Amino acid sequence: MIELINAVFAMSVLFKHPSLLNICFVRSLTRMVSNSQNILGIIVLDRLSPLHYGRWQPEKCANRLSIARSVNSSKASDYPLWHVVVASITTGLLVGVYILVMGRLNVDQSVEDPLKMQVTEIANKLVSISETDSSFGYIGLCDSTSSGFTFGGESRRITSLNSAKASLHVAALVAKGLGSTAAEGQIHADLDDLDAAERRLIAQLAQAVAPGARDRKIGTSNNAIGTDNKAKEETPLAESTSERLVDSSFHAKVLKALQKNDPTDLRTVAISIQLGRYKDPDTMKTLAHPQSEAKEPFVTDGYFRGDFPVPVCSDRFVRFLPLADKVKIADPANFILAAPGTIPNAVLLEVQYEPRGKSASTVQVVRRSCAVLGGSAPATMPSCFLFRFPQGLTQNFKTPAGFLNRSLWNNTGTWQQASGGTVPGAGKLKLTIDPVLPAMTPDQSLAIGLYHWIRHMRPAPDPEAVLAVMHQKFPEGEIRSNSADANLAPVNSCLVSDTGAREHSFSKNTEKGSEGQLAIEQCFEYSGQLDPYPQSAIPLYVDRTGNVNLAGRTGFDAELVSKYLTAVYSSNLAAIESAATAKLVSRQSALENRELLLKLSIVKQELSSSIKRLASMKAQMHGIKDDTAAAQMQVKIEKTEKSIEEYKSTIATLDSRIAQLQIVNNLTRMTLLNSERAIAKTYEICSTTFTLLRNGLHVLDAPSNGFLLGRKHLFIPLKGPVKESDFFDASGWTVKDPIEQADRYAAVSPWFQKHLPVLVSADEMLATGVQFTIDGKPASAVLAEVEVADNMPPLTVLLDSRELTTVSQAQLHTSSNYPFAGTPVAEDQAFFYAKSATSTGANTDVVWSVVMRDLVLHENIAPGKVLTGSPSSGWEKRFTPPLASTCGLAVEFQLRRPLPKIVGIPAGAYITEPNKRLITPQIPPIPVELM
């Protein structure tokens, strides 16, 4: 009876743990039957065991019968006959009940578990399906990061329809809150693209679970969203086992998998996969809404309402799809077939079975299993919006939102897109495609970049947090020098002329190694870049008020600059003319000197001949007795003596002229030396103006003549070139004292000085005792002072996407550090440039340019592309306040390169060095690098 009690206990818990207790139950029956030596029980038990252990094996049953017979023949029963009868009857009843119960459990267990597994696999398949969109990248039902779908197995980000719609909703609210309509066209276009991507995704989901053509019999049709129950498609099983399923569709794979797990007494006849909606609201959620929208009618319990119209633009709405937090098995009773054009969130798998055997066609068993679709979002990919001000930020712009003020911009810029590789790098810039971004003002480009950043964020930010951070004030910063040398005045601009080279290079010349790429290297602060300013340009400083100042001085004196440039140019020109005059006089005097020497030689010969003739005549005079003859001889002697005197006078004149020409020749050599020195010095002054004038430009008070350059050097301009007559005027002074003679030469012309001063040390000049004043102050006092400037250091302002979920966390992070230096514009990313985009300054216009790069114009859908990050490490700690960790760059906006627009200053003048064939402009054209 103990065995009987064990069997009954096993039956009582059989429904809870059949796989475990069936063994216990069979063992109990075995022991009981064996003890009762019930041969019929043994046969039944052996017939029962295939329900759990496989087919009935007659040989095992025969063995057990032989054992029973041997036991009966060798041993008499220990029990009364009525015990045996009761035990046999009880055993038969229990075995019958067990067969019925276990048959039912076997069918349920062998059918239900494979169905759940397959419907789960179908749901996971559906969740992994995505469509590509140029704006959003991969679009699917759930946010996820998938791998292995691209060449090389690179990971890619799949954006859910809900996340994309939330981004558009938030972006529209931000644009409205900022009063910018620039992004509205982009939002409308992206809504259209998203609708098209959703329709394609619906079709692809239906196609994924549709049976292949080789699986269907004549008269069947594809299963599509929107078909009613009557049109529901089934895939019949081939009647012959020799007919193999050759289609590789997912539908066929599910069918094959179910066939492999058919119950012992059933076989799969047909399957049907249907897409639809699940009506249990507790199972499905949409997407968490921003905290600031908690009281909106389209939200409930912290989520957007499912299938409820949520406004985006004034005339456009989106609807959110309820989904589960993961793929789950659900009650098929709550499944509703999807209406036409509806995105599904559940899948139903229906399988038809029929019993095996000759009468199988008369009985069919239908099993259904349902799974809801869903998935948890992956870890967020933090990104940042960066404002960079390489030359500092003026008080004209107080907040990030201030850049969206349309009235501040006076010029448009052009968008281009990197193609064929990175720029700088192997690629080049071309016009944007899909979307086409036309020429626009910087406020519009900023609005577009901000929209693209919001569109990229997962999850979408709180619009109130974005508006809050956009209206936070930029830091004023401290007054400090931006140079390692505290005595070096700050500089962030220069005096140049615009020739249009920058726009031409940006639009036409951006291939590898071009000037355009060099300019972009300057914009993104590549290491080893060229000098930031032309060396011949006058250094300037634009202060916080937006006004221009001479470097090292307060204010900009256009008259002083004009006077200085004219003095340098005139001195260079005077030196060149003086050198030409000296060379001309030297050639003329040399030619005249040769003629005089020849004439002197002839006159001296005539003089010698006359002297000899005079001596001869005087000798003859002593022998002449005749008075008449003597008188005649006397006349000849007197005539010869007169000729001799004339010859001597001529010789003296010639000697004097030759001596004068010798002095002229010496003066021409001195003039040439001074001219060459003056040419070299004026060229040096012009070609190193940026360095020489770094600490200011001053003019000496009258009667002194000259300029103080950078508080270190004196430039003494040359009043004019030497004249040809000056050489002969100076050569007429004949004094014995060489010093007095040199002074008299210098009095005639400064070019006759032994060392003509052009550029001399101010300290050395003061050491000689020469005194002069500047602006009424002693020169020594001016040399010692360094004016303190309200310096604008380079500034970086960063907006972190992780801090835009709530208004309380939204904040600006600032630093002078530029964490993304040397990072190129990657392929399919956009670059914007607007020259002379805005103006500052009260008296003198200062124009600023704008540079932008948009790394999320397109989501990264190509293999190997990731959001650009920083090549350095630890930069996040150098911001105020520090960031939690690093983040990738999404959009960068630069206000840069302040340049003055000054009228009334001579432009186009060049300083030359003829001997070395050098030339440099006083006001150089803007090089391409100064974008």
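User: At what angle to E29 does helix H12 run?
Analyst: Helix H12 (residues 501-508) lies across strand E16 (414-419), E17, strand E29 (830-840), E30 and E31; helices (H or I, at least four residues) and strands (E, at least two) are DSSP runs numbered from the N terminus. This is a predicted model, in which local features need pLDDT of at least 70, side-chain atom pairs count only at pLDDT 80 or more, and totals for chains, interfaces and linings use all residues. Residues are numbered from 1 along each chain as its sequence is written, and side-chain values use heavy atoms, without hydrogens and water. With axes fitted to C-alpha atoms, for helices over the stretch in contact (heavy atoms within 4.5 Å), and angles from 0 to 180 degrees between N-to-C directions, H12 runs relative to E29 at about 165 degrees.

User: Which strands are the edges of the open sheet?
Analyst: The order is E17-E16-E29-E30-E31-E15-E27-E28, with mixed pairing; two strands pair if DSSP finds at least two bridges between them. Pairing on one side only marks the edge strands, E17 (428-431) and E28 (813-815).

User: Which residue in E31 is the bridge partner of Asp854?
Analyst: Strands E30 (residues 845-854) and E31 (residues 888-901) pair in the antiparallel sense over nine bridges. The partner of Asp854 is Val891.

User: Is H14 oblique or perpendicular to H17?
Analyst: Helices H14 (residues 558-621) and H17 (residues 724-731) pack with their axes 9 Å apart, at about 60 degrees. Angles under 35 degrees count as roughly parallel, over 145 as roughly antiparallel, 65 to 115 as roughly perpendicular and the rest as oblique. H14 is therefore, relative to H17, oblique.
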